[in-house]
Amino acid sequence: MDRIVVVGAGLAGLRAAETLRREDFSGELVVIGDEPHPPYDRPPLSKQFLSGAWDMDRVWLRMEEGLDFDLRLDISAVAVDSDTSTVTLNDGIALPFDGLVIATGASPRALPGFDDAVVLRTLDDARRLRTSLQPGARVTVVGAGFIGSEVAATAVAMGCQVEIVEALAKPLARVFPEVVGDVLADLHRANGVTLRLGEVVDSADDLEADVVVIGIGVVPNTAWLGGSALTVENGVVCDETCAAVGGAGRVVAAGDVARWPNPLFD
Ligand SMILES: Cc1cc2nc3c(=O)[nH]c(=O)nc-3n(C[C@H](O)[C@H](O)[C@H](O)COP(=O)(O)OP(=O)(O)OC[C@H]3O[C@@H](n4cnc5c(N)ncnc54)[C@H](O)[C@@H]3O)c2cc1C
């Protein structure tokens, strides 16, 4: 293979590039990322970085020494042509590939009626949210999943007045049994978070909040693959080796965008 293109400069994209070099791929390696930042770690964005305990120096992902790759930031891939094995970028460049790694991650699910609300996925989202979490600010988090629960816990520790509105009867009800949800609910309350469980809100206008944070899950970033020969259904459908269905053996997917069979859950 002469050139491998990795689309997505997040955790999965960076680790794919490092692994290719470690496994002796010596051709051209191009990594395309649509954010302006070098690869960074998202977990601290709802925890240490959001609270201000860590600054930006601690969120960058460590890159292997001497990783020889062409990292192009602030550029999006907008299409894949399976016939010509080419990725088209939003600066008009068409990049032929011998191998393609799709690692475009996921984006927060939008909630109609909450246009001005905040979501948390990127470093820039976290920076903006951090400045709003002033002591005494009224913060409503919609969704008691992982991100919503973490934002609520961080915000209340920063002195905000925090409530969570959740349609289901328990926090994290989709992933944990009820008994765990009860423990988490008790923990939130003990920390001073108000829980409005089993409630649905239709509009931010119905909330008395200075900051509204939406945390109702993510959708895989696959819009740019429309028109390709790949099978896309709630992610890039892969076999158990992460080879993308429809990719003619040249395309793999990794990370949050990949939908691969898991014998434990499927
Ligand atoms: C606030 C927060 C806290 C989290 N905490 C935890 C935790 O505690 N534990 C845990 O296990 N997981 C946690 N996660 C989830 C974890 O961060 C993700 O599973 C992980 O980032 C997935 O990596 P990825 O590389 O697949 O996707 P991403 O990290 O999303 O990277 C994909 C990159 O591709 C870019 N991209 C998208 N489309 C294009 C395109 N067309 N062209 C070019 N680039 C594109 C995206 O902008 C992004 O930069 C957290 C996530 C968030 C947001």
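At 23% relative accessibility, Cys242 counts as partly exposed, a class that sits between buried (under 20% relative accessible area) and exposed (over 50%), judged with a 1.4 Å probe and protein chains only. The model is predicted, so local features need pLDDT of at least 70 and side-chain atom pairs count only at pLDDT 80 or more, while totals for chains, interfaces and linings use all residues. Residues are numbered from 1 along each chain as its sequence is written, and side-chain values use heavy atoms, with hydrogens and water left out.

Cys242 is found in the loop between S14 and strand S15 (251-253); strands here are DSSP runs of E with at least two residues, helices are runs of H or I with at least four, and both are numbered from the N terminus. The backbone of Cys242 has a positive phi of about 75°, although this residue is not a glycine. Asn234 also has a positive phi, near 55°, and is likewise a residue other than glycine. The loop that holds Asn234 runs between strand S13 (218-220) and strand S14 (236-237). Asn234 counts as exposed because its relative accessibility is 61%.

The cysteines can be taken next. A disulfide is a covalent bond between the sulfur atoms of two cysteines. By the criterion used here, a pair of cysteine sulfur atoms within 2.5 Å, the structure holds zero disulfides. Cys238 is accordingly in no disulfide, and the nearest cysteine sulfur, that of Cys242, is 5.3 Å away. Cys238 is buried, because its relative accessible area is 5%. Cys160 also counts as buried, at 5% relative accessibility.

A polar backbone atom of Ala12 is 2.8 Å from an oxygen atom of the ligand. For Glu35, an N or O atom in the side chain lies 2.6 Å from a ligand oxygen atom. Lys47 places a polar side-chain atom 2.8 Å from an oxygen atom of the ligand. On its own, the ligand has 990 Å² of accessible area, of which the protein covers 80%; such areas come from the Shrake-Rupley method with a 1.4 Å probe, and for residues only the protein chains shown count as cover.

Ile214 belongs to strand S12 (residues 211-214) and is buried, with a relative accessible area of 5%. From C-alpha to C-alpha, Ile214 and Gly143 are 6.6 Å apart in space, and 71 residues apart in sequence. Thr86 is part of strand S5 (residues 86-89). With a relative accessible area of 12%, Thr86 is buried. The side chains of Thr86 and Thr84 are joined by a polar contact of 3.0 Å, meaning a pair of N or O atoms within 3.5 Å; within protein, one must be able to donate a hydrogen and the other to accept it, and residues adjacent in sequence count only if both atoms are side-chain atoms.
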